[in-house]
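Subject: Structure handover

Hello,

Here is the structure for you to look over. My notes follow below it.

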Amino acid sequence: MARRLLGADSATVFNVQEPEEEAASQDAGSPHASVGSPLDGQKEYKVSSCEQRLISEIEYRLERSPVEESGEEVPCGDASVESGVAPFFEMKLKHFKIFEGMPVTFTCRVAGNPKPKTYWFKDGKQISPKNDHYSIRSDPDGTCSLHTAASTLDDDGNYTIMASSPQGRVSCTGRLMVQAVNQRGRSPRSPAGQPHGRRSRSRSRDSADEGEPIQERFFRPHFLQAPGDLTVQEGRLCRMDCKVSGLPTPDLSWLLDGKPIRQDSTHKMLVRENGVHSLIIEPVTARDAGIYTCVATNRAGHNSFSLELVVAAKEAYKAPVFLEKLQNTGVADGYPVRLECRVSGVPPPQIFWKKENESLTHSTDRVSLHQDNYGYVCLLIQGATKDDAGWYTVSAKNEAGIVSCTARLDVYTQWQQPPPSTKPKRVRPSASRYAALSDQGLDIRAAFQPEASPSHLMLSPGLVESEDL
């Protein structure tokens with residue numbers, strides 16, 4: 001996590017000594033001579049503010065998270081809890097920068113009453129004592145160390161030791177930066193007990209004899225972040241981000257199918273403050289498809305990565321069109337009603353409903369909006385009322401255009417039964433069979449049954465002429 005977020009070029013290196021000074025500063029008699037010793041290439045350095053924030057976040061979370069008790073964690077000692085003292089560090093971990101393949105040792109001294117147990121973590125993940133890559137040691141005087149004999153690029157990260165006791169928890173973190181080795185080689189390590197050979201400072205670094213060991217001063221470019229293959233739609237923006245380390249700072253160049261890419265109105269090459277390099281293409285065209293190669297070069301060598309950009313054909317846009325429009329509709333009060341239409345377009349259009357000048361944006365328990373994958377659009381009203389009557393407009397919109405249609409909804413009052421006290425008038429039938437009306441309307445049965453007796457057409461005292469209605 002730390003390697004992805006923090007580049008090796010974000011650290012400031014301090015106390016880098018010349019080979020003569022390094023040899024003079026050795027202390028072979030120290031029990032921890034390997035810590036910071038020029039024999040193993042360890043250099044102490046100061047972390048950046050960004051790295052320090054990450055370290056503080058890791059420590060904050062670890063001190064509040066459970067740890068795995070394997071039964072093999074060895075406390076620094078046992079002590080009475082009568083005068084309990086929370087754990088604290090008499091000597092904290094340091095930050096180191098090394099070459100890959102070199103050994104490294106993190107050392108600290110912890111105290112407290114009772115003696116706390118210690119746990120080691122890398123980038124917030126607990127390191128098991130059974131891990132063969134690391135050697136964990138705890139001395140009776142409270143000195144704790146973590147050692148690895150041959151560092152790899154995967155060892156780059158933040159190493160945290162947490163001391164825990166019933167009185168509380170405390171942690172400190174050391175940053176390890178592992179630098180890739182120049183493939184042309186660097187000076188071999190001197191055998192144990194033999195000092196480094198001295199070289200004249202006036203001699204050019206690049207003019208050494210072929211067989212003479214060379215003290216490495218430059219670091220070959222190494223990509224910490226690189227994109228994979230991309231597929232971008234024609235006309236859109238394409239962005240390729242990468243991050244590279246190296247000393248001196250590498251120069252980057254981009255190639256498309258082996259040909260250099262020049263900056264122009266559609267191709268931009270940017271470098272952000274955090275060291276991320278970007279190639280931005282906007283808009284992407286079919287000519288931009290191909291194999292992209294990014295080459296980082298400095299005095300120590302070069303490195304590169306490649307990816308394939310596939311440009312998808314731009315979709316042919318079609319403005320919305322109504323295949324079936326809304327129809328004027330009438331419904332009795334209290335009955336359900338559907339206002340339906342069908343629309344097509346590429347890409348599928350967005351649908352908007354309005355009643356008079358009021359937008360209908362969401363469904364309710366009584367009024368709901370529906371749309372399917374075949375272009376059918378529907379507004380459903382359950383139990384229409386007089387308030388639902390009016391003009392309804394549906395609009396369909398996409399990138400190619402917009403279209404609308406409008407229809408009228410009328411809501412009628414249901415036929416009401418007359419009061420029982422009012423005597424209904426009956427119509428005297430005429431010669432036409434269609435004139436046989438009852439109090440509820442046309443008497444179909446009486447009008448269309450040829451076998452019916454004509455006696456029902458006789459006048460009675462309760463009948464009136466149809467002209468009197």
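A term to start with: strands here are DSSP runs of E with at least two residues, numbered from the N terminus. Keep in mind that this is a predicted model.

Glu356 sits in the loop that links strand S24 (350–355) to strand S25 (358–360). Its phi is positive, about 55°, although Glu356 is not a glycine. Is Glu356 buried, partly exposed or exposed? Partly exposed, because its relative accessibility is 39% and that class runs between 20% and 50%. Asp257 also has a positive phi, of about 50°, and is not a glycine. Asp257 lies between strand S15 (251–256) and strand S16 (259–260), in the loop. Most residues other than glycine have a negative phi, and most peptide bonds are trans.

Two cis bonds turned up. One joins Asn113 and Pro114, with omega about 0°. Pro114 is in the loop between S5 and strand S6 (117–122). The other joins Glu282 and Pro283, with omega about -5°. Pro283 is in the loop between strand S18 (276–281) and strand S19 (290–298).

Now strand S5 (residues 104–113). Nine of its ten residues are buried. S5 pairs antiparallel with strand S3 (residues 85–91) over four bridges; Phe88 is partnered there by Ala111 of S5. S5 also pairs antiparallel with strand S9 (residues 143–148), over six bridges. Thr105 is opposite His147 in S9.

Last, the cores. The largest nonpolar core has 26 residues, and Phe106, Trp120, Ile161 and Leu176 touch the most other members. S5 and S9 are among the strands that each supply at least two of its residues. Apart from this core lies another of 21 residues, including Leu326 and Tyr392.

Best wishes

Definitions and conventions. Residues are numbered from 1 along each chain as its sequence is written. This is a predicted model: local features need pLDDT of at least 70, side-chain atom pairs count only at pLDDT 80 or more; totals for chains, interfaces and linings use all residues. Side-chain values use heavy atoms; hydrogens and water are left out. Buried means under 20% relative accessible area, exposed over 50%, partly exposed in between (1.4 Å probe, protein chains only). Two strands pair if DSSP finds at least two bridges between them. A nonpolar core is a set of buried Ala, Val, Leu, Ile, Met, Phe, Trp, Tyr and Cys residues joined through side-chain atoms within 4.5 Å.
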